[in-house]
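Subject: Handover of a protein structure

Dear colleague,

Please find below the structure that I am handing over to you. The findings follow directly after it.

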Amino acid sequence: MIEKVKSVLLVFLIGMSLFLTYQLWYGTMPAQLVVEDVYERILVEEPRPLENTLTPSQVAISAGEAFYLLRKGEPGYDDLWEALSQTLQNISIDTTVGEEMPPEDSGKLLTYHLQPAIPAGDGLPWFSDAPYTEIEKIELFSAGDQKWLVLSELGSDNKIRLLLSPGKTELFADMLEEIPLEGKILRSRLTPELIALQTEMELEVTGPIYVPEVPVYMNELILKPESMDRDMILKTFFVDYNMARIIEEKDGGLIYTDGDKGLRLKNTGLEYSSPQKEEGQATASYPEALTVSSNFISNHGGWPENLRLEEISLSRWGRTAYYNVRWMAYYDGFPIFAVQPTRALFNDNGLIHYARSIFTPENVIIEENGREPAAAWNDALEEAVALFREQEGESGRVMRLEEMSLGYAIIDASNNYRGKPIWRIKINGTTVILCAMQLEPAGEEYLL
């Protein structure tokens with residue numbers, strides 16, 4: 001009897017061993033290998049479609065030889081982009097493409113600067129019936145009762161000319177009349193000739209840069225960091241974050257790690273890293289990468305108001321490649337330069353790195369004795385060039401002005417966050433940050 005029991009027990013153990021071996025080799029994948037599938041089903045908000053992912057970097061409204069500039073967060077900006085986007089989605093390129101440019105006596109009304117470029121054609125939302133292309137600039141011209149859109153393709157001199165229907169012509173005319181331009185700042189488009197005239201310096205200008213013709217008054221802002229549901233955020237990165245090891249930092253931050261990936265949570269945002277995914281290829285097309293990046297920010301925190309996709313680029317070295325995507329928050333058309341950029345790095349293996357730090361204005365400080373204007377653009381540029389030469393030395397290289405913008409930088413005054421007006425100027429890849437009023441270099445208190 002005892003021998004029979006031993007035999008049954010032995011058969012049971014052998015059978016269990018075979019079953020577990022089968023499960024190990026062919027059964028359900030371990031949790032760490034299916035984490036992408038799990039957290040993608042936990043949505044903070046629905047991912048945005050492609051047509052709602054991209055917006056213009058700026059819209060320039062012509063006013064004689066000068067311009068009014070609209071950027072994210074300003075009245076009229078979203079309406080102008082929506083009108084153009086819907087026009088490009090509904091228009092048939094075969095019936096509207098013209099052979100000639102608008103007449104010489106036509107006037108330019110608007111210029112949409114599209115950085116990042118919008119992908120069009122080949123079944124995409126914009127010009128779905130056209131061959132694939134990428135558009136970096138769209139201009140609206142007018143002559144008499146007719147209006148044309150002229151589209152500039154990225155990386156070439158090729159232009160697509162579209163004659164608008166009477167209905168679309170009337171739509172843009174009405175919208176331009178409704179844009180509130182009272183109190184808006186007149187600007188000039190910066191050129192090497194204008195720089196030489198105002199500063200006696202020789203610089204090349206990369207990209208569209210507009211500078212104010214009159215003093216700009218900016219208020220110091222009271223800012224608050226984005227409030228996030230910690231449990232929800234953890235669930236978007238870990239199958240079961242209760243199994244992760246927790247490390248508490250001196251500044252109150254918490255690090256969650258399962259050995260393969262880590263998530264750092266602070267009161268100013270988060271930072272995620274999955275190093276084992278770095279070595280891989282990025283074979284997604286540009287439109288696909290835009291959609292993937294939209295999914296990431298929707299899944300891991302969502303799109304706050306006035307957040308804009310600022311840049312997307314593909315980096316390669318050797319057998320490794322990844323997409324680098326960056327977002328920026330705006331207030332009243334001015335960018336808010338956060339503690340760390342809100343950005344994502346990803347390739348075919350998935351999300352490699354994700355940092356999120358978004359601040360929003362809580363109140364505006366208005367001084368009783370009046371506001372102080374920001375320093376003039378030419379004074380700011382001269383100071384930036386002097387600092388650049390001090391840091392880089394006299395190398396004899398041609399200086400390229402790549403960026404020049406007023407905005408806000410964040411300072412931490414005992415966890416009371418403020419947005420200080422600054423000039424942000426980039427020359428030959430080197431960024432110079434100056435206090436907007438006094439033109440002093442940004443100090444250690446600036447969280448840049």
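I begin with Asn-428, which is buried, with a relative accessible area of 12%. The cut-off behind that word is a relative accessible area under 20%, so the 12% of Asn-428 places the residue in the buried class. Asn-428 belongs to the loop between β22 (416-427) and β23 (430-435). Its phi is near 50°, a positive value in a residue other than glycine. Please bear in mind throughout that this is a predicted model.

The overall picture

The protein has 448 residues, of which 46% count as buried. Its secondary structure comes to nine helices and 23 strands. Among the contacts with a separation of 6 or more, 64% are between residues 24 or more positions apart.

A second residue with positive phi

Although Glu-200 is not a glycine, it has a positive phi of about 60°. Glu-200 is located in the loop between α6 (192-199) and β8 (204-205). Is Glu-200 buried or exposed? With a relative accessibility of 76%, Glu-200 counts as exposed, whereas Asn-428 is buried.

Strand β3 and its partners

Strand β1 (residues 58-63) pairs with β3 in the antiparallel sense, over four bridges. Within this pairing, Val-59 has Tyr-112 of β3 as its bridge partner. Strand β4 (residues 133-143) also runs antiparallel to β3, and nine bridges join the two. Here Gly-107 stands opposite Ser-142 in β4.

Strand β3 also holds Pro-116. The peptide bond that leads from Gln-115 to Pro-116 is cis, with omega near 5°.

Asp-145 is in the loop between β4 and β5 (146-153). With a relative accessibility of 75%, Asp-145 counts as exposed. Asp-145 and Pro-166 are 21 residues apart along the chain, and their C-alpha atoms are separated by 8.2 Å.

Pro-49 is situated in the loop between α2 (35-39) and β1. At 38% relative accessibility, Pro-49 counts as partly exposed. In sequence, 76 residues separate Pro-49 from Pro-125, while the C-alpha to C-alpha distance between them is 9.4 Å.

The surroundings of His-353

His-353 is part of strand β19 (residues 350-356). This histidine is buried, its relative accessible area being 16%. Which residues does His-353 contact, leaving aside its neighbours within four places in sequence? They are Glu-271, Tyr-272 and Ser-273, together with Arg-343, Ala-344 and Leu-345. For Tyr-272 there is a further detail: its backbone oxygen lies 3.2 Å from a polar atom of the side chain of His-353.

Empty space in the model

Rolling a probe the size of a water molecule over the atoms shows where empty space is left.

How many cavities of 30 Å³ or more does the structure hold? There is one. The largest cavity has a volume of about 40 Å³. Its lining consists of Arg-48, Asn-52, Thr-53, Thr-55, Lys-72, Trp-303, Leu-307, Arg-308 and Leu-309. These residues divide into three nonpolar, three polar and three charged.

With kind regards

Methods: Residues numbered from 1 in each chain as written. Predicted model: local features only at pLDDT ≥ 70, side-chain atom pairs only at ≥ 80, totals over all residues. Heavy atoms only, no water. Pairing = 2+ DSSP bridges. Buried < 20%, exposed > 50% of the residue type's maximum accessible area, 1.4 Å probe, protein only. Polar contact = N/O pair within 3.5 Å; in protein donor to acceptor, adjacent residues only side chain to side chain. Contact = heavy atoms within 4.5 Å. 1 Å grid on protein atoms, 1.4 Å probe; cavity = no way out; pocket = protein on both sides within 12 Å on 5 of 7 lines; lining within 4 Å. Points joined across faces, edges and corners; volume = space filled by probe spheres on them. Nonpolar A, V, L, I, M, F, W, Y, C, P; charged D, E, K, R; others polar.
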